[in-house]
Amino acid sequence: MVFHRLGKACGQAVLPVEDAVAQVLHRHDEETGLIVLESAVNRGLIHDADARHLLATVPLRARRTAQHFSPLAESGSETRLRLFFQRIGVPVEPQALIPGVGRVDLLVGRSWILEADSQAYHSSSREVATDRSRDLQSRIGGYVSDRLSYEQIWFTWEHTQQWLLDMVRTRKHRRAPVPLRSSR
């Protein structure tokens, strides 16, 4: 295979990143295309304007998903979660800034914080302690906060989607956050 040998000889990709992403957008399912595109933007491999140009060329079947492009996604897991909510018409804000908590992966509705955790970025005890502190602060602020693991988002996705739907059906995410009262 000339293609395989050329890639090894060069020590880099054979196609420019923009061309490779365009191939994914045109030849894979819509979700995969959006995940790859947003990941490329997040890593600085493609500029936002170039991503939007690529999206203008997607096949008609992918246009409905392409409209959900966000340069704010910091991982494929975040993209997958956000897209799930967008497809079912539930308001979701990526990288939302919550007073007293900081920036969160997703704010679903008005009061449900979802964090997409991965083993690679949440393996140290210091990071776990920081996450737990942020979760506590969010609850004090009246938010519901849940963390989903990489495994839940990628390996048991069907089960996770059902759980997310069950949570949406409670409609709790629509309520405004009600901070806990001080006992003083």
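Q95 sits in strand β1 (residues 92-98); strands here are DSSP E runs of at least two residues, helices are H or I runs of at least four, and both are numbered from the N terminus. This is a predicted model, where local features need pLDDT of at least 70, side-chain atom pairs count only at pLDDT 80 or more, and totals for chains, interfaces and linings use all residues. Residues are numbered from 1 along each chain as its sequence is written, and side-chain values use heavy atoms, with hydrogens and water left out.

Back to Q95: its phi is positive, about 50°, although Q95 is not a glycine. Q95 counts as buried at 12% relative accessibility (buried is under 20% relative accessible area, exposed is over 50%, partly exposed is in between, with a 1.4 Å probe and protein chains only). R171, in the segment after α9, is another non-glycine residue with positive phi, near 65°. R171 is partly exposed, at 48% relative accessible area.

Now for S145, in strand β4 (residues 144-148). S145 is buried, at 6%. Its side chain makes a polar contact with the side chain of D135 at 3.2 Å (a pair of N or O atoms within 3.5 Å; within protein, one must be able to donate a hydrogen and the other to accept it, and residues adjacent in sequence count only if both atoms are side-chain atoms). Setting aside neighbours within four places in sequence, S145 touches I113, D135, S138 and R139, where contact means heavy atoms within 4.5 Å.

On to the helices. Axes are lines fitted to C-alpha atoms over the stretch in contact, and angles run from 0 to 180 degrees between N-to-C directions.

| Pair | Angle | Axes |
|---|---|---|
| α6 (residues 76-87) and α9 (residues 157-169) | roughly 50° | within 12 Å |
| α3 (residues 30-42) and α6 | about 130° | 9 Å apart |

The α6 and α9 angle makes that pair oblique, and α3 and α6 are oblique to each other too (under 35 degrees is roughly parallel, over 145 roughly antiparallel, 65 to 115 roughly perpendicular, the rest oblique).

Which residues of α6 meet α9? They are R80, L81, F84 and F85, and they meet W157, Q161, L164, L165 and V168.

For α3 with α6, the contact is made by E30, E31, L34, I35, E38 and S39 of α3 and G76, T79, R80, R82, L83 and R87 of α6.
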